[in-house]
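Me: I am new to this structure and would like to go through it in short steps. Please keep the answers plain.

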Amino acid sequence: MSAVTGPMLRLGAFCVVGVLAAVGVGNTLDQPVVGSTREYSAEFTDVEGLTPGSDVTLAGVRVGKVARVEFAPQDDGSSRARVHFDIESGRQLTTDVTAKVNYGDMIGVRYVALRLPADTAGVVLEENATIPVEQTAPPVDLTALVNGFKPLFEAIDPARINSLAVSVVEAF
C-alpha cells in the first residue's frame, strides 16, 4: 500500500503545481485595463485576426482593449469593419489620431496601434467618436507579400532557393 502512496502524492503535487502555473500564466497574459475607460471606435477596410480583448496601444504603450468588432455596411454595397475599443480615461485622443492594425507576434496576434502626430493640432476627440477610415490602415497582407516573390522564385534555380531558405532558417 505504501509503495503506491508515495508516487500518488508526488503525482498530486505535480498536478497542483501545474494548475497553479497555468493560472499564473493566464493571469499574466490577460491584463485588464485598470480604472475608468472611454469608448471609441475606428473604421477599417480589413481587420483580419483582430478579436475582442486584443490590445490597443498609444505610442507603443498598452492603454486599452478591443471591446468588439462589427461589420458596417456601406451605401455602395461594400462593408467596413468597425472596431470598438476602450482606453484609459487619462489618455486624450485628438481628431488627427491615426489607427493601424499591427502584428503583435509571429503567430498572428493582432493589436490596434494608435498614433498622434508629433505636432498635433487636432481638437480633443469626444467619447464614442469614430476614427474615419481615411485615418486607419489595415494589417499587412502577408499572403500578398509572399506571392509578390513568386516571379523571382520561378526565375531562380530550385537549388538556389533551397540554399536561400536554409540561410534564412539559420539566421533565425
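Me: Which residue in β6 is the bridge partner of Tyr103?

Reply: This is a predicted model, in which local features need pLDDT of at least 70, side-chain atom pairs count only at pLDDT 80 or more, and totals for chains, interfaces and linings use all residues. Residues are numbered from 1 along each chain as its sequence is written, and side-chain values use heavy atoms, with hydrogens and water left out. Strands β5 (residues 98-103) and β6 (residues 110-115) are paired antiparallel through six bridges; two strands count as paired if DSSP finds at least two bridges between them. Within β6, Tyr103 has as its bridge partner Arg110.

Me: How many helices and strands does the protein have?

Reply: Both are DSSP runs numbered from the N terminus: helices are H or I with at least four residues, strands are E with at least two. Along the sequence the pattern reads α-β-β-β-β-β-β-β-β-α-α-α. The count is four helices and eight strands.

Me: Which strands stand at the edges of the sheet?

Reply: The sheet is open and has eight strands with mixed pairing, in the order β7-β1-β4-β3-β2-β6-β5-β8. Two strands have a single partner strand each, so one side of each is left without a neighbour in the sheet. These edge strands are β7 (130-131) and β8 (136-137).

Me: How many residues of strand β1 are buried?

Reply: A residue is buried under 20% relative accessible area, exposed over 50% and partly exposed in between, using a 1.4 Å probe and protein chains only. In the protein, 22% of the 172 residues are buried. Strand β1 (residues 37-44) is mostly covered, and of its eight residues the number buried is six.

Me: What is the bridge partner of Ala42 in β7?

Reply: β1 is joined to β4 (residues 79-88) by eight antiparallel bridges. In that pairing, Thr37 has Glu88 as its partner, and Glu39 has Asp86. With β7, β1 pairs in the parallel sense over two bridges. There the partner of Ala42 is Ile131.

Me: Which residue takes a positive phi in the hairpin of β3 and β4?

Reply: Strand β3 (residues 61-73) pairs with β4 in the antiparallel sense over nine bridges. Ala72 stands opposite Arg80 in β4. Five residues lie between the strands of this hairpin, and the one with a positive phi, near 95 degrees, is Gly77.

Me: Is Gly90 buried or exposed?

Reply: Gly90 sits in the loop between β4 and β5. Its C-alpha atom is separated by 9.3 Å from that of Gly35, 55 residues apart along the chain. With a relative accessible area of 74%, Gly90 is exposed.

Me: What radius of gyration does the protein have?

Reply: The radius of gyration is taken over C-alpha atoms, and the globule rule is 2.2 Å times the number of residues to the power 0.38. The C-alpha trace spans about 75 × 60 × 35 Å along its principal axes. A compact globule of 172 residues would have a value near 16 Å, whereas the protein has 23 Å.

Me: What share of the contacts with a separation of 6 or more comes from residues 24 or more positions apart?

Reply: A contact means heavy atoms within 4.5 Å. Among the contacts in the protein with a separation of 6 or more, the share from residues 24 or more positions apart is 65%.
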